[in-house]
Amino acid sequence: MSKSILMTGAVLMALAVILGAFGAHALKSRLATDMMQVYHTGVQYQFYHALGILIIGVLYRHYPSGTLSWSAILMTLGIALFSGSLYLLAVTGIKWLGAITPLGGTSFIIAWILFFIAVWKKMG
């Protein structure tokens with residue numbers, strides 16, 4: 001499981017770099033400033049949480065637990081929902097996509113709470 005968590009984190013980090021570069025080079029001249037900021041927020045949160053997934057993968061190797069697994073799953077889901085909805089909103093301008101973003105944020109919050117619980121149980 002640690003290997004798959006680490007691989008997921010690495011792929012999501014690489015995608016964050018690709019999407020960040022795409023935004024900076026291909027979208028900068030095509031998107032309004034406010035939509036460019038929305039896109040940038042998606043990239044930032046993808047970076048933060050992909051890094052979180054990598055940290056979970058390293059910890060899982062030493063302290064395997066279902067709670068850590070769920071934390072990684074929910075961070076991945078959060079990236080798809082939060083960052084994904086922001087990318088689509090910025091590029092398409094479809095406003096209802098913004099309603100999906102809080103679901104991703106909730107997923108991130110639950111993932112970090114599960115991370116806390118796993119560390120508390122295993123290292124406390």
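Reader: Why is Ser69 called buried?

Author: In this predicted model, Ser69 has a relative accessible area of 8%. Buried means under 20%, and Ser69 is therefore classed as buried.

Reader: Where is Ser69 placed, and what is it in contact with, leaving aside its neighbours within four places in sequence?

Author: Ser69 lies in helix α3. With those neighbours set aside, Ser69 is in contact with Met1 and Tyr60. Its C-alpha atom is separated by 16 Å from that of Ile79, 10 residues apart along the chain.

Reader: What makes α2 roughly antiparallel to α3?

Author: Helix α2 (residues 33–62) and helix α3 (residues 66–92) pack at an angle of about 165°. Angles over 145 degrees count as roughly antiparallel, so the pair α2 and α3 is given that description. Their axes are 8 Å apart, and α2 passes α3 in a left-handed crossing.

Reader: Which classes of residue make up the contact of α2 with α3?

Author: The contact has 20 nonpolar and nine polar residues, with no charged residues.

Reader: Which residues have the most contacts inside the largest nonpolar core, and which helices each supply at least two residues of this core?

Author: Tyr39, Ile56 and Leu68 have the most contacts inside this core, which has 29 residues. Helices α1 (2–27), α2, α3 and α4 (101–123) each supply at least two of its residues.

Reader: What does Leu68 touch, not counting residues up to four places away in sequence?

Author: On that count, Leu68 touches Ile56, Leu59, Tyr60, Tyr63, Phe115 and Ala118. In soluble globular proteins, nonpolar side chains tend to be buried together.

Definitions and conventions:
Residues are numbered from 1 along each chain as its sequence is written. This is a predicted model: local features need pLDDT of at least 70, side-chain atom pairs count only at pLDDT 80 or more; totals for chains, interfaces and linings use all residues. Side-chain values use heavy atoms; hydrogens and water are left out. Axes are lines fitted to C-alpha atoms, for helices over the stretch in contact, and angles run from 0 to 180 degrees between N-to-C directions. Helices (H or I, at least four residues) and strands (E, at least two) are DSSP runs, numbered from the N terminus. Angles under 35 degrees count as roughly parallel, over 145 as roughly antiparallel, 65 to 115 as roughly perpendicular and the rest as oblique. A crossing is left-handed if the near helix is turned anticlockwise from the far one by less than a right angle, and right-handed if clockwise. Ala, Val, Leu, Ile, Met, Phe, Trp, Tyr, Cys and Pro count as nonpolar, Asp, Glu, Lys and Arg as charged, and the others, Gly among them, as polar. A nonpolar core is a set of buried Ala, Val, Leu, Ile, Met, Phe, Trp, Tyr and Cys residues joined through side-chain atoms within 4.5 Å. Buried means under 20% relative accessible area, exposed over 50%, partly exposed in between (1.4 Å probe, protein chains only). Contact means heavy atoms within 4.5 Å.
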